[in-house]
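Have a look at the structure first.

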Amino acid sequence: MFIAISLLLVVGIISSLFYFNIMREKSHQYRYRLINQLRKLIYFTRQHRALTHAHLTASAYSVQILKQTNLSIVEILQNLRVSAGADTGPEIRVLYEKTQTILLNWAEFNVAKNQLEHGKLIRQMMFLTDEVMIEWLVDTHHDDIAEEYHRRWQKILDTLESLTRFRISIQDIDTTIGQQRFRHHAVMLSRRMNQLSLICPLTMTDNDQSGVIQILKRWELEESVVEQPERLYQLSLEASYLIFNVYDQILSETCEEIYLPLEALFFGEKKPAL
């Protein structure tokens, strides 16, 4: 009798461990898949911003790529709505509605509003990604990794804030005060990006082929801005490319520490969306 009870206890314990392992693996898979989908959504939304900006400024762009980008965004959002759990469902519904609003109405925006609305949307996606990542780290008791991740994530946010101010200042470079404001934000952005290069030095070095940081830094000494606004906007796109490469590296490294590295994102392209 004692042996039978002991065997039952052992079987019960093993079954419980097996069950909890299955549940933990499902939780890992769900969050891993969610983060992968959200980063793809961020990628395509950035691409949509660049393409619609080109349209609004009468610059060259591919209408076919814009249509395909729209389809990709809608497809990812629909997948997110279907797979969303109780923890993320309401936020994903709000995200879906705001994204649809931009997809339907961007042609009525001016250049500044197009940048602003896309920027707010991308940040909302990033905040949702951050929320999922932090909950994942806390639930798996990786407090030290969570602290380091949060520190690096804050650097990304600060740099994106500087990038937004830099972009907004471009439209006022035809005035003396506007040029002063532009130079200030260019220098601030270069300093923020220098800080990112300390977080992921290889990522920044490998991808900063145009010397973006040095170009921004030179306005610390120059007193005038002779470049055309579209060239400066292109510079902001290159800065965005570098910032989001670092952001993606941070996400991938963090996921790898607790589960698996993230999937390849850029679908065979040499350069991600700007």
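Leu56 has a relative accessibility of 24%, so it counts as partly exposed (buried is under 20% relative accessible area, exposed is over 50%, and partly exposed is in between, with a 1.4 Å probe and protein chains only). Before going further, note that this is a predicted model, where local features need pLDDT of at least 70, side-chain atom pairs count only at pLDDT 80 or more, and totals for chains, interfaces and linings use all residues. Residues are numbered from 1 along each chain as its sequence is written, and side-chain values use heavy atoms, with hydrogens and water left out.

Back to Leu56, which belongs to helix α1 (residues 2-56). Helices here are DSSP runs of H or I with at least four residues, strands are E runs of at least two, and both are numbered from the N terminus. What does Leu56 touch, leaving aside residues up to four places away in sequence? Its partners are Trp106, Ala107, Phe109, Asn110, Val111 and Asn114, with contact meaning heavy atoms within 4.5 Å. Val111 sits 55 residues away from Leu56 in sequence, yet their C-alpha atoms are 6.2 Å apart.

Zooming out, the protein chain has nine helices and zero strands. Of its 274 residues, 46% count as buried. Among contacts with a separation of 6 or more, 77% link residues 24 or more positions apart.

Now for the rings: the structure holds eight aromatic pairs. Rings of Phe, Tyr and Trp (its six-membered ring) pair if their centres lie within 6.5 Å; planes under 30 degrees apart are stacked, over 60 edge-to-face, and the rest tilted. Two of the pairs are set out here.

| Pair | Centre to centre | Between planes | Type |
|---|---|---|---|
| Phe127 and Trp153 | 5.7 Å | 80° | edge-to-face |
| Phe182 and Trp219 | 5.0 Å | 80° | edge-to-face |

Phe127 lies in helix α4 (residues 111-139) and Trp153 in helix α5 (residues 143-170), so their pair ties together parts 26 residues apart in sequence. Phe127 is partly exposed at 44% relative accessibility, whereas Trp153 is buried at 3%. Phe127, Trp153, Phe244 and Tyr247 form one aromatic cluster.

Phe182 is in helix α6 (residues 176-199) and Trp219 in the loop between α8 (212-217) and α9 (229-258), so this pair ties together parts 37 residues apart in sequence. Phe182 is buried, with a relative accessible area of 0%, and Trp219 is buried at 2%.
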